[in-house]
Amino acid sequence: MLWRKVGGAVITGGAISAMHYTGMAAASFLPSSSRPDLSHTVSISSLGTVGIGIVTLIVLGLAILTCAVDRRFDAQSLELALAEANIKLDQMSRIATVGEMAASIAHEINQPLAAVVTNGSASLRWLAMKPPNLEEARGAVTRAVQEANRAGEVITRIRALLTRASPEMRSVNANEIVRDVLSLTSNELLKGGVTVRTELAADAPPVLGDRIQLQQVILNLVRNAIDAMSTIGDRPRELLIRSAKDTNSVLIQIEDSGSGLDPEQAERIFEPFFTTKPQGLGMGLSISRSIIEAHGGRLWASPGLSHGAVFQFTLPKADGRR
Amino acid sequence: MTDREDIVFVIDDDASMREALNSLIRSVGLRAELFGSAKEFLRQSPPSVPSCLVVDIRLPGMSGLEFQRHLAEADVRTPVIFITAHGDVPMSVRAMKAGAVEFLTKPFRDQDLLDAIQLALESDRARLQREAQLAVLRHRFDSLTPREREVLPLVVSGRLNKEIAKKLGTSEITIKMHRASAMRKMQAESLVDLVKMAARLGLPGTES
């Protein structure tokens, strides 16, 4: 970035001073002449002046060229940054929506639930009286039923909401999504001292899926891998992403050289709220698995050959069964 | 079981929750009065019988903590039990610091609420008793003559009649009379008794 600016400034500066010099040389007055009445005539016949003129034109051309190239570079990086920002924004808004929805579900369900519990306890107390107060008990139970129905309605409403927010399934290239994610995480990978290797099958067929959701899954797996390798000091921190085509699906493998996977935990890590990270929520892998399963694929984990872990998932081909 | 005159005030914007709480509270022989908002409750005069408040912290138009502030401003010292759908720790800490008796998260165990209510009613009853006794003492103190009111703090600070007489420029016998009269009017049975009363009234010369 900086070198282009500096280069541009030097060339432009050179052009300006050269033009100045040429102008001065060209406009120099000749004190003596064969034709004294034309003593103010401008002379451009000297060889040096012509040379300087040519050099000026070249330098000017160069300056214009650098300017144009610089513009093009700027436009390109701007476009790239914009695209990245868009993807991030989309992801964040989706995550925010999920969070907000969870909070509002909790509240909407909790309210009637509290009324059900309170009415139920009250009716038990009315029944335990000697003699039992059936009228009051009936009233409390009736209200409990009403409130339970209210909770049911809330669930119906949420379900309707979820179906509307169903993913946008399109034919997408899994390799491209992997590359998207790697460019998004390039900074994190760099900071984590991780070397990335990809072996992406060029002949991998397109899969049917929601681009953003699949990005989220791969992003999650890559971030997990970075975290798993953060404490490794005695061997290289390597992230290997492979893609391969199968008869009816595409396989994506994400392998790290991190702290590895306890075979007993290989399944537990997909349970909601199960986490091995001190600050982890325990939702990433659980959500990732449900996304892959919603796509008709499978996501599983196994220990790496010598160390680390391998996470892999399959996605059905776009022109396959559906 | 508590007296029939005790009142539990329920403030919750959710009508069905209000009814459920009403039923639960009545099932243990207590009286409940229901309000849909904090404003509705604050409009009436402070209760004069042992009572407590059961308040949903997410009241419309006023937060539970704001409500506590309003109560304090109106000098209503009725104990408050908060119930909330999603209480976080800082919120509950602030509520308890501002004098809440209990902070329950919905859905709560009925026994937890009823225990908190009993505790709150007992503390309110004790408070009302204390306040009533103090009112009686204040009334007695008001019936003292200006001279007796002057003598009383000196007496309870442990000075001898002779010292008091010297300080006020009068005879020991006069002080003795004032002292006896003050004791009688305050209905104090002993000097110790009188000292205790003075402390509760916050008179100078005593530690309250």
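Tutor: Begin with two strands of chain B: β1 (residues 7-11) and β3 (residues 51-56) pair in the parallel sense over five bridges. Strands are DSSP runs of E, at least two residues long, helices are runs of H or I of at least four, and both are numbered from the N terminus. Two strands pair if DSSP finds at least two bridges between them.

Student: How should I read the model and its numbering?
Tutor: This is a predicted model: local features need pLDDT of at least 70, side-chain atom pairs count only at pLDDT 80 or more, and totals for chains, interfaces and linings use all residues. Residues are numbered from 1 along each chain as its sequence is written, while chains are lettered from A and ligands numbered from 1 in the order in which they are written.

Student: What stands opposite V8(B)?
Tutor: C52(B), in β3(B).

Student: Which helix packs on the sheet and touches β1, β2 and β3 of chain B?
Tutor: Helix α1 (residues 15-27) of chain B does. Its direction makes about 170 degrees with that of β2(B). Axes are lines fitted to C-alpha atoms, for helices over the stretch in contact, and angles run from 0 to 180 degrees between N-to-C directions. Contact means that C-beta atoms, placed from the backbone, lie within 7 Å.

Student: And in what order do the strands of the open sheet come?
Tutor: The order is β2-β1-β3-β6-β7 (chain B), five strands with parallel pairing. The edge strands, β2 (31-35) and β7 (100-105) of chain B, each pair on one side only.

Student: New topic: at what angle do the axes of α6 and α8 of chain B cross?
Tutor: Roughly 90 degrees, and the axes of α6 (residues 146-156) and α8 (residues 172-186) of chain B come within 9 Å. That makes α6(B) roughly perpendicular to α8(B), a label for angles of 65 to 115 degrees.

Conventions
Two residues are in contact if their C-beta atoms, placed from the backbone, lie within 7 Å. Angles under 35 degrees count as roughly parallel, over 145 as roughly antiparallel, 65 to 115 as roughly perpendicular and the rest as oblique.
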